[in-house]
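Welcome! Please take a moment to look over the sequence and the model before reading on.

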Amino acid sequence: MVLEGVSGVGKSTLSRLLAKRLGAAEVHTLTDPHTGWSDMANREIRPLPQFAFYLSGLLHASDAIRQHLGTGAVVADRYASSVAACHAAVNGVGLDQVKELIAPFRPYLVAPDATFYLIGSDLSLKERMGTKTDVKQDDTDLFSVPGRLARLRENFRAVADEDPSAITLPTDGHSPDDLTELIIKHLEDRRA
């Protein structure tokens, strides 16, 4: 399963809780060695090479997911939808352009059984950002760059509309434990 959405919506917390509850492996789209380079890539690399950096992270994550699926379930914190939605919003390019760049690699990517698109209000995102210990430039840009959050939300909505594995999950008013239970119940209901 994949957890998608803007920074601060609770993906990492849910990913940890779900992996623990389900005995699943936890994977982030930017696994090592990519994680340490993302800030520099965002600051110093032009949009097309920056996309290549994130695409290589996505392909690497797909390999890690494939490997972990050999032994059990996997919970991914971000995946292909984040690469498309975020790259388009951050670089001011069309979402369709980014999806075209990803398209040749789709057959290689492990397809998720379920992708939960987490949606939170501005207020809840600001509250979560206040408690986040690993705040990055992308996080602060959500509110400091005019239109960034609106573009990200629109891009995630558009990607979810085309995603056959999409489940939209509002997060406001729910604790991480509540959301974990909702996701597990949804997965159990799908299997029944």
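Here is a short tour, from the overall fold to one pair of rings.

## About the model

This is a predicted model, in which local features need pLDDT of at least 70, side-chain atom pairs count only at pLDDT 80 or more, and totals for chains, interfaces and linings use all residues. Residues are numbered from 1 along each chain as its sequence is written, and side-chain values use heavy atoms, leaving out hydrogens and water.

## Fold and dimensions

The protein chain has nine helices and five strands. Starting at the N terminus, their order is β-α-β-α-α-β-α-α-β-α-α-α-β-α. Here helices (H or I, at least four residues) and strands (E, at least two) are DSSP runs.

The C-alpha trace spans about 45 × 40 × 30 Å along its principal axes. Of the contacts (heavy atoms within 4.5 Å) with a separation of 6 or more, 76% are between residues 24 or more positions apart.

Buried residues account for 45% of the 192 residues in the protein chain; buried means under 20% relative accessible area, with a 1.4 Å probe and protein chains only.

## A pair of rings

How many aromatic pairs are there? The count is one, where rings of Phe, Tyr and Trp (its six-membered ring) pair if their centres lie within 6.5 Å. The ring centres of Phe53 and Tyr54 are 5.0 Å apart and the planes are at 80 degrees, so this pair is edge-to-face, a label for planes over 60 degrees apart. Phe53 counts as buried because its relative accessibility is 11%, and Tyr54 counts as buried at 16%.

Conventions
Buried < 20%, exposed > 50% of the residue type's maximum accessible area, 1.4 Å probe, protein only. Phe/Tyr/Trp six-rings, centres within 6.5 Å; stacked < 30°, edge-to-face > 60°.
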